[in-house]
Amino acid sequence: MGTWRLGAFSSPDERARQVAAIKKGIELGINLIDTAEMYSSGRSEEVVREAVKHIRKDVFIATKVSPGNLRRDDVIEACKGSLRRLGTSYVDLYQVHWPNPSIPIRETMSAMEQLVREGLVRYIGISNFNVSETDEARAALPKSEIVSNQVEYSLTNRYVEPEILPYCVREKMTLIAYSPLARGNIPDAAIPKAILQKYKMTPAQAMLNWVTRDEQVVAIPKATNPVHLEENASSVSVRLDGSEYEQIGASLR
Ligand SMILES: NC(=O)c1ccc[n+]([C@@H]2O[C@H](COP(=O)([O-])OP(=O)(O)OC[C@H]3O[C@@H](n4cnc5c(N)ncnc54)[C@H](OP(=O)(O)O)[C@@H]3O)[C@@H](O)[C@H]2O)c1
């Protein structure tokens, strides 16, 4: 479940709806929640705290350190800030939100490793890194793994296909697909109707099923509408066959 823009609300009712949406997603079986210190200036993390407060151990919380906070002491402070806002003693996955070429990646990664050693972080991830930046980040971490790269990937945005996706598959690194529903701009008409009918899928479900066709890929759609949450939670319960994935992929080439 993505949480970008959660935490921005104009009334207590709207905040309650956002908390309820995350809770409903969890009830439906979605257990990875992605947030960031940057989202709504930390208020997205506070909404997540409210939703998981009695069920922390049942969920996998992924958050991110902003590119301006990649100096050693800033990484440590940023993580502590996220833990405070999330109301938890550990983050499951701590991701570098974007690379920052003006700060040596070695310095950032040494701080990430310290967070793991101290038990504040379970796994280290990156986001928006290309292949050479990923190689550099891995080389800066001789003792730990980078388990994931979070990048934009959907039927309508395929920039990861030439290099980043094959790299993740080969290196067994999870690719976390963000904006997997093209931020709500779902290309309904393009997806082959015969496949939708055969599997009784909506176009959004087909998009999520397609983007996660490789076991190395997980998707983090954001939804606040309960109907959307139900659709998304049940979108990956069947696997299509290879030629059907190819047809869906070709529909937007
Ligand atoms: N690492 C990064 O730099 C980065 C950048 C962007 C995003 N992200 C992460 O990725 C998450 C997801 O990306 P996103 O929020 O950009 O976009 P998205 O998940 O592709 O799309 C979200 C939009 O799709 C709608 N929607 C959800 N399920 C639907 C369904 N079944 N049918 C029709 N519409 C549906 C939502 O509406 P409702 O809310 O009304 O249900 C919302 O407007 C973010 O929330 C964030 O956690 C990371």
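L175 touches N149, V151, Y153, V160, L165, C168, Q216 and V217, with residues up to four places away in sequence left out and contact taken as C-beta atoms, placed from the backbone, within 7 Å. The model is predicted, and local features need pLDDT of at least 70, side-chain atom pairs count only at pLDDT 80 or more, and totals for chains, interfaces and linings use all residues. Residues are numbered from 1 along each chain as its sequence is written.

L175 also belongs to the largest nonpolar core, which has 64 residues, and is among the members that touch the most others, together with V48, C79, Y94, M112, A177 and M207. Such a core is a set of buried Ala, Val, Leu, Ile, Met, Phe, Trp, Tyr and Cys residues joined through C-beta atoms within 7 Å. Helix α8 (residues 203–211) supplies the largest share of this core, 6 residues; helices (H or I, at least four residues) and strands (E, at least two) are DSSP runs, numbered from the N terminus.

Strand β2 (residues 60–65) is largely enclosed by the rest of the structure, because 5 of its 6 residues are buried, a residue being buried if 20 or more other C-beta atoms, placed from the backbone, lie within 10 Å of its own. Strand β1 (residues 32–34) runs parallel to β2 and is joined to it by 3 bridges, pairing of two strands requiring at least two bridges found by DSSP. Within β2, F60 stands opposite L32. Strand β3 (residues 91–96) likewise pairs with β2 in the parallel sense, over 4 bridges, and V96 in β3 is the bridge partner of V65.

Notes: Buried ≥ 20, exposed ≤ 12 C-beta atoms within 10 Å, placed from the backbone. Contact = placed C-beta atoms within 7 Å.
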